Amino acid sequence: MIAPAALADLEEILELEEGGFDEGTRWSADAWRTEIEGADRHVLVVRQPGERLDGVATFSFAGETADLLRVIVRPDTRRRGIASDLVKAGRRWATSQGAQRLLLEVETENASALWLYVKLGFEPLAERRDYYGTGRHALVMEVAL
Ligand SMILES: CC(C)(COP(=O)(O)OP(=O)(O)OC[C@H]1O[C@@H](n2cnc3c(N)ncnc32)[C@H](O)[C@@H]1OP(=O)(O)O)[C@@H](O)C(=O)NCCC(=O)NCCS
């Protein structure tokens, strides 16, 4: 049940933010509105018919490179392959745009996300120290398309 996001999904996307990130690292309504409306963005949501959103992911594309900017799955529907399906769908979109590779940044302490990306074939490219604040580093990862 993966579909492009609409502005009508905004409220439920913000609920996913609350379940997925600490207050200081959550994206705002304005940030998500910019994603949904952005011409170079591809925002996907997952929902069972008649239910709340299970997950969301947003991707960008520029030149030969696409980026996975965010992926969040509702806490009670994790480990069912939802994030994997979202990333694979974004990968197909990036390929259709002509991208040669898909990049992302992930906090080095975010084990769930790291394992997800490794399982999907992403490989470490570089580390950005203090990227998320003092002592909170980012790993840049990429997969060829
Ligand atoms: C990271 C996140 C998106 C994963 O979503 P998910 O739908 O549970 O992921 P999947 O079910 O597709 O998992 C695929 C694989 O990733 C790995 N993985 C995912 N969560 C894991 C965990 N908690 N511990 C270990 N491995 C994990 C596993 O290899 C898993 O395969 P398996 O279940 O067959 O063992 C989810 O935990 C989440 O929303 N976290 C909060 C937001 C966040 O940190 N987003 C990423 C940065 S933007």
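The face of helix 3 that is turned away from its buried side carries the exposed residues Arg92 and Ser96, where a residue is exposed if 12 or fewer other C-beta atoms, placed from the backbone, lie within 10 Å of its own, buried if 20 or more do, and partly exposed in between. The structure is a predicted model, in which local features need pLDDT of at least 70 and side-chain atom pairs count only at pLDDT 80 or more, whereas totals for chains, interfaces and linings use all residues. Residues are numbered from 1 along each chain as its sequence is written. Helices (H or I, at least four residues) and strands (E, at least two) are DSSP runs, numbered from the N terminus.

The buried residues of helix 3 are Ile82, Ala83, Leu86, Val87, Gly90 and Ala94. Seen down the helix axis, these buried residues fall within an arc of 130 degrees and so line one face of helix 3, the arc being that of the directions from the axis to the C-beta atoms. They pack against strand 1 (2-4), strand 2, strand 3, strand 4, strand 5 and helix 4, with contact taken as C-beta atoms, placed from the backbone, within 7 Å. The 16 residues of helix 3 should span 22 Å at 1.5 Å a residue, and the end C-alpha atoms are 23 Å apart, which agrees; the expected span is 1.5 Å times one less than the number of residues. Just after helix 3, Gly98 takes a positive phi of about 100 degrees.

Within helix 3, Ala83 is buried, with 25 other C-beta atoms within 10 Å. Leaving aside neighbours within four places in sequence, Ala83 is in contact with Gly55, Val71, Val73 and Leu116.

The largest nonpolar core has 31 residues, and those with the most contacts inside it are Leu44, Val56, Ala57, Leu68, Val71 and Leu86; such a core is a set of buried Ala, Val, Leu, Ile, Met, Phe, Trp, Tyr and Cys residues joined through C-beta atoms within 7 Å. At least two residues of this core are supplied by each of helix 1 (10-20), strand 2 (41-47), strand 3 (53-62), strand 4, helix 3, strand 5 (101-107) and strand 7 (138-144). Not counting residues up to four places away in sequence, Leu44 touches Ile2, Ala3, Pro4, Ala5, Val56, Ala57, Leu86, Ala89 and Gly90.

The ligand is surrounded by 20 residues, of which the closest are Gly20, Arg78, Ala83, Ser84 and Trp115, a residue being near when its C-beta atom, placed from the backbone, lies within 6 Å. Two or more residues of this shell come from each of strand 4 (65-73), helix 3 (82-97) and helix 4 (111-119), and helix 4 gives the most, with six residues.

Most residues other than glycine have a negative phi. Arg79, in the loop between strand 4 and helix 3, has a positive phi near 65 degrees and counts as exposed, with 8 C-beta neighbours inside 10 Å. Asp130, in the loop between strand 6 (123-128) and strand 7, has a positive phi of about 60 degrees although it is not a glycine, and is exposed, with 10 other C-beta atoms within 10 Å. Arg128 lies in strand 6 and is exposed, with 12 other C-beta atoms within 10 Å; leaving aside neighbours within four places in sequence, Arg128 is in contact with Glu105, His137, Ala138 and Val140.

Conventions:
Contact = placed C-beta atoms within 7 Å.
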